[in-house]
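Take a look at the fold below.

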Amino acid sequence: MIRILHVVSILDVGGMESYIMNMYRRIDRTKIQFDFLVHHKRRGFFEDEIEALGGHVYHASLLDDFNLVKYIRFLRQLYAGEPQYRIVHGHLGSTAYWYLGQAKRMGIPWRILHAHCPGHTRTLKGYMKHLLFRFSPAFANISFACSQQAGKYQFQERPFELIPNGVDVERFRFSQEKREQMRSQLNLDGRFVVGHVGRFYYVKNHEYILKVFAALKKKVPEAILLLLGEGMLQENIKQLAHEMQLDDSVRFLGLQSDCAPYYQAMDAFILPSLYEGLPLAGIEAQCAKLPCFLADTMSPEARICPMTKFLSIAPDCVDQWADELEKISRQTPDRNENTCDMSAFDVSVSTSNMIDRYQKLWESAL
């Protein structure tokens, strides 16, 4: 059996993790299996499902204790004790220098580095991450990227192959019936619903989302904001919403294993991230034919549907976001007329293509 070792930070719900799980659920697991190396001791959201599907999860603790000597020892023991791995598929750029470097030293022939991140925050931690990214491709012999921006940031002048993130197109496809059911279930009838899906991390720019929504409320009093996700800044954002007197209009819906019904209930989707590779939530929202407003920091590939717009996230552009949302509230566009070609992002196609790559690499390493 072919076993692929995927390397991530933690197996929580996020764009990159969901992309891998979308593939994992569709592969023929009698012929190929995914295992995972994570970098926190805490169990992630997807681990129960992975183990039920026959996958293994190995826990390093580098991003908990930052003990590099311990981490290198762990990698050597892992690769020596699990000689079946001929392909390591790394999705974590900041530590790739070590996990791909040790993979090469232990004779693993195929070492993939898959870029998902197109930038860094202007903080000490961000600059350290940026420095690590400069060294991360050193031991990779295959380079993938989810977008042009992510690839150029990770690999600079080195060549890379573009691999768009895949989603379950049918599951997210717009349905008026499902929309009405979900809006009734959430008691949203008569409300203009703005939505966002993302972890409560600094890069997702939730503070900007609240500022935009506060400006929108002045124009559209019946507006409501749905925030799906969890994260370290969630309580801070809840407190900020309270201070802005938005408690009655902002719903914190937490981590959802299936976001598809929530996209159906929304009227518009916003994603003012500081940076993104190719945002899976943005792809899902467009698959549901939502009017989407994305930060202009994102790669052009993020615009799939004609109704999707890029807007600046400069501090003085908050009203522009609110104005665009107000237009949607007045127009109530027919989502069935928002024609989108999602074929390049169909997870069935992307999974089939990736499995073909794995099989050819595996056979060449025999």
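Helices (H or I, at least four residues) and strands (E, at least two) are DSSP runs, numbered from the N terminus. This is a predicted model: local features need pLDDT of at least 70, side-chain atom pairs count only at pLDDT 80 or more, and totals for chains, interfaces and linings use all residues. Residues are numbered from 1 along each chain as its sequence is written, and side-chain values use heavy atoms, with hydrogens and water left out.

Start with the second largest pocket. A pocket is an open set of points on a 1 Å grid over the protein atoms alone, where a 1.4 Å probe fits, with protein on both sides within 12 Å along at least five of seven lines; lining residues have an atom within 4 Å of a point. Here 13 residues form the lining, and Arg179, Asp267, Ile328, Thr332 and Pro333 lie nearest the centre. Helices α9 (176-185) and α14 (318-331) each supply at least two lining residues. α9 gives the most, with three.

Now turn to the sheet. Six strands form an open, parallel sheet in the order β10-β9-β8-β11-β12-β13. Strands pair if DSSP finds at least two bridges between them. β10 (250-254) and β13 (309-311) stand at the edges with a single partner strand each, so one side of each has no neighbour in the sheet.

Phe269 has Cys292 in β12 as its bridge partner.
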